[in-house]
Amino acid sequence: MQRTDAVKRTIAEVVAERKTQMSPGGLFVDAFAKDGFDTRVDYDVTITDSLTSSRRKPRYPSRNMLKVVDLSRDPQEFYWHESPPRPGDPAVDGADLRREAANHFHRSPVPPLLTTTAWVQVPDTLWDDPTSFEQFINYRLVVRLATAENHTILRGEGGLLNMPDIGRLTDPGPFASTILAACNEVEQMGSTADGLIINPADYYRLLGSGQLMRDVEENGVFIVRTRLVDPGTAIVGDFGHGALLFDAGRSTIGFAEPPPGTFAEPGVALRAEIWERVVVNLPTCFFVVTL
């Protein structure tokens, strides 16, 4: 009896280990073999963070810029943040040299997480080929979800581009580029500009017209290229210390009926969802710049 129990535990451990090693698509295909078109898989991870790219030239998503707080493993009710001085504030010693000394300190509840959703239409009978079906989920549905996640982080409700406290900078002043001027402004606030989010059109224009992009990257600035930032603008900031991505640490994939207008024609559809919200602790250390 004891040996049987030990064998059962061993089998359970092997199954659990195998599941942790399987891709999102692999887990879904396994479930589909049992449940067919009723399949819905709940993951205890955020699946946009679960796949590595096989590209020789990586293209990083916006989540890679941010410190992620997995609320399923590290529950958190509040977060701290700062705001700039207000008109009429009393003078603060040393604020002429250390601007951040005049900031106000705050504690706020973690805001409600937002739902990020992506859809794909499964080519007819692709589900009959487990390998192709797994690859389709991994490298189409999850990639679509990563694009939707970029939208949540950048352009959605509460996204970086819609945060009124983040500064706007259009005049490069003594610098050759507004990007460099923003990097300087961040450092004048006692932080370090360690990230740049830019449209590919601007990235390659600047790359082809001089050394700016090479200099920025060689100076340790992590660059994300995404269509979700409009051409002619970019985001510069201290992403490592000044912003957080609150993440539910869970995801779902399942068959569902898509809203009207989702696809060009009828077909079997898969929906993937994650839950997250970006906050900025140090808005004075972020700038939306005009290039």
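Let me start with one side chain. Glu185 has a relative accessibility of 22%, which counts as partly exposed. The cut-off for buried is under 20%. Keep in mind that this is a predicted model.

So what does Glu185 pair with? Its side chain meets that of Arg99 in a salt bridge, 2.8 Å from N to O. Look at where the two sit. Arg99 is in the loop between β3 (78-83) and β4 (104-109), and Glu185 is in helix α4 (residues 178-188). The pair therefore ties together parts that are 86 residues apart in sequence. Arg99 is partly exposed as well, with a relative accessible area of 35%.

Next pair. Arg155 and Asp230 form a salt bridge, with the closest N and O atoms 3.0 Å apart. This one links two loops. Asp230 lies between β8 (222-225) and β9 (233-237), Arg155 between α3 (130-154) and β6 (167-169), so parts 75 residues apart in sequence are tied together. Asp230 is partly exposed at 38% relative accessibility. Arg155 is partly exposed at 32%.

Arg205 and Asp202 meet in a salt bridge at 3.2 Å, N to O. Both belong to helix α5 (residues 200-209). They are three residues apart there, so about one helical turn separates them. Buried or exposed: where does Asp202 fall? Asp202 is buried, at 5% relative accessibility. Arg205 is partly exposed, at 43%.

There is also a network. Asp49, Arg63, Glu149, Asp247 and Glu276 are joined by salt bridges that share partners. How many salt bridges are there in the protein? The count is nine.

Now the charges overall. The protein carries 29 positive and 39 negative side chains. The centres of the two sets are 3 Å apart.

Let me step back to the whole fold. We have seven helices and twelve strands. The C-alpha trace spans about 75 × 50 × 40 Å along its principal axes. The protein has 291 residues, and 46% of them count as buried.

Last, the surface. The protein exposes about 16100 Å². Carbon and sulfur atoms supply 51% of that area.

To recap the pairs: Arg99 with Glu185, Asp230 with Arg155, and Arg205 with Asp202 inside helix α5.

Key: Residues numbered from 1 in each chain as written. Predicted model: local features only at pLDDT ≥ 70, side-chain atom pairs only at ≥ 80, totals over all residues. Heavy atoms only, no water. Helix = DSSP H or I, 4+ residues; strand = E, 2+ residues; numbered from the N terminus. Buried < 20%, exposed > 50% of the residue type's maximum accessible area, 1.4 Å probe, protein only. Areas by Shrake-Rupley, 256 points an atom, 1.4 Å probe, with all protein chains shown as cover. Lys, Arg positive; Asp, Glu negative; His and termini not counted. Charge placed at Lys NZ, Arg CZ, Asp CG, Glu CD. Salt bridge = Lys/Arg side-chain N within 4 Å of Asp/Glu carboxyl O.
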